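Reader: I am new to this structure. Please take me through its charged pairs and the reasoning behind the labels.

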Amino acid sequence: MVSYLATATVVVSLLAALPEAATPTVAPEWESDYGKALQATRADDRPLLVVLDYPSDAASSDAPAAHTHQVDAEPAADQLKPYHLCRIDVSTEYGKKVAEVFGVTSFPYTAIIDKSGSVIIYAKNGTLTADQWQNTLLTHKAGERPEALVMSRQERTSTVRFQKSYEQP
């Protein structure tokens, strides 16, 4: 009985000492319906990451399975956890309609919607580098709208004004 407890204690301590990388990570799930993703964002106050792209693009043919076609490297699953994820295939009729609503004509396009689901707090056309992807995800993970800069009337009127200078030759 004592040897069983000793063995169990050793096994538990060894398992606890294993690095987290030893546990398999679950790939994030991407919603393909923008309406459902937006509804989920509004329901639980998490920001929404939206990617509009052509999955059949040659540039994205070796992209990771997580549908992050516009980045050089796949972001870590923990970087995507704060977000609801939505990937729209703009080669479909539905995707074309969503792109039209966003006013986008060039792809890939990445947007982050605030946690209330009402304001785009980040938008970018084109490919993101791995650093841009990481910085963007970290910056907007709270889903907060940027604070508006409020200026007093005096501050607005005291800006530098350009005056014409007439010089005689």
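Author: A salt bridge is a side-chain nitrogen of Lys or Arg within 4 Å of a carboxyl oxygen of Asp or Glu. The model is predicted, and the structure holds five salt bridges.

Reader: Why is the pair of Asp114 and Arg145 called a salt bridge?

Author: The N to O distance between the side chains of Asp114 and Arg145 is 3.0 Å. The cut-off is within 4 Å, so the pair counts as a salt bridge. Asp114 lies in the loop between β3 and β4 and Arg145 in the loop between α5 and α6, so the pair ties together parts 31 residues apart in sequence.

Reader: How do you know whether Asp114 is buried or exposed?

Author: Buried means under 20% relative accessible area. Asp114 has 3%, so Asp114 is buried.

Reader: What makes Lys115 and Glu144 a salt bridge?

Author: Their side chains meet at 2.7 Å, N to O. That is within 4 Å, so the name applies. Lys115 is in the loop between β3 and β4, and Glu144 is in the loop between α5 and α6, so this pair links parts 29 residues apart in sequence.

Reader: Why are Arg87 and Asp53 called buried?

Author: Arg87 has a relative accessibility of 9% and Asp53 has 2%. Both values are under 20%, so both residues count as buried. The side chains of Arg87 and Asp53 form a salt bridge at 3.2 Å, N to O. Arg87 lies in strand β2 and Asp53 in strand β1, so the pair ties together parts 34 residues apart in sequence.

Methods. Residues numbered from 1 in each chain as written. Predicted model: local features only at pLDDT ≥ 70, side-chain atom pairs only at ≥ 80, totals over all residues. Heavy atoms only, no water. Helix = DSSP H or I, 4+ residues; strand = E, 2+ residues; numbered from the N terminus. Buried < 20%, exposed > 50% of the residue type's maximum accessible area, 1.4 Å probe, protein only.
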